[in-house]
Amino acid sequence: MKKILIVGAGGQIGSELTSHLRKIYGDSNVVATDMRDCRELGEAGPFEVLNALDATAMASIVARYHIDTIFNLVALLSAVGERNPQMAWSVNMGALNNSLEVARQHHCALFTPSSIGAFGPSSPKDGTPQDTIMQPTTIYGICKYTGEMLGNYYHHKYGVDTRSVRFPGIISNVTLPGGGTTDYAVEIYYEAVRSGRFTCPIPSDVYMDMIYMPDALRACVELMETDPAKLVHRNSFNLASMSFTPEIICAEIKKRMPGFKMDYDVDPVKKAIAESWPNSLDDTCAREEWGWKPEWDLSRMTDDMLEHIRLKFGVA
Ligand code: VAH
């Protein structure tokens, strides 16, 4: 049975990936770590406070728990990264470099998510290919693409089993995202339930790829469980599920809540970032190499998001 370490378990992906992996591999086989004391992550299984920039501490946890698989989820996201690019580079690349080195020295497999943010304005916008021009214009995207190249380097030079997906914007009803350009696609559901209105920071007609958290979690597991002989690519697979604009998601909510209202107060930083990213990805390689197939579309996700958020707020 795998022995898994999650670095950055307190974030949007990590908090749900921890419980998801524990259900599959057993509570005691998934060690959750974060630089904050996220005690709730330790209720069902082992939790350790870990600053991902401390390689010695990471290696010590890997040795103590006989870890064979690391999920490194540490990242300052796109919009927050533009406010402090130097810190974003230091944190994102420091955590990744440590994860790569610990994986190399302790013979661990390593999963590190990339993002649609790894593409830039010179990448083809529609049906963005797996292998194409990669000239990201955000520090987040530069970190993600550099991470992809480092992951491939560690695989080819040292044989480290590094794997990665380019996540779209992840939508979840559990942990709120923080500092991302796609956060609006989560906030809109909360505001629809809380106030019935939402002021959107993204222009009405800007497409971005999105994915529902259950599909994102399943993709992590399915990729890491794939026979390595089947992988032509590793870092990092395009992953597609749905692509929509604020106008489209607003209309989907209005089908269920006719009184819902949305207006716009466009954030220039988020606008520039969103417009630099693809409209939709081609994920043929993920489908062919490891059987990727999304199970959630905008309609089904909207029903599920509104239902869970209403339950959270005790709203009928
Ligand atoms: C962001 N949610 O908005 C992240 C993600 C594809 C977007 O990487 O920065």
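Why does the largest pocket lie between domain 1 and domain 2? Both domain 1 (4-169 + 211-238) and domain 2 (173-209 + 242-279 + 296-313) give residues to its lining, so it lies between them. The domain bounds come from an automatic or database domain assignment.

A quick note first: this is a predicted model, where local features need pLDDT of at least 70 and side-chain atom pairs count only at pLDDT 80 or more, while totals for chains, interfaces and linings use all residues. Residues are numbered from 1 along each chain as its sequence is written, and side-chain values use heavy atoms, with hydrogens and water left out.

**View 1. The largest pocket has a volume of about 860 Å³.** Of its 41 lining residues, the closest to the centre are Leu73, Val74, Ala75, Leu76 and Leu77. (On a 1 Å grid over the protein atoms alone, a pocket is an open set of points where a 1.4 Å probe fits, with protein on both sides within 12 Å along at least five of seven lines; lining residues have an atom within 4 Å of a point. The volume is the space filled by probe spheres set on the points, which are joined across faces, edges and corners.)

**View 2. Here's what the pocket lining is made of: 22 nonpolar, 15 polar and four charged residues.** Asp, Glu, Lys and Arg count as charged; Ala, Val, Leu, Ile, Met, Phe, Trp, Tyr, Cys and Pro as nonpolar; and the others, Gly among them, as polar. Helix H1 (12-25) gives the most, with three residues. Helices and strands are DSSP runs numbered from the N terminus (H or I, at least four residues, for helices; E, at least two, for strands).

**View 3. Glu43 and Ala44 sit in the loop between strands S2 and S3.** Glu43 is exposed, with a relative accessible area of 68%, and Ala44 is partly exposed, at 46%. (Buried is under 20%, exposed over 50%, partly exposed in between, using a 1.4 Å probe and protein chains only.) Leaving aside neighbours within four places in sequence, Ala44 touches Arg22 and Asp27; contact means heavy atoms within 4.5 Å.
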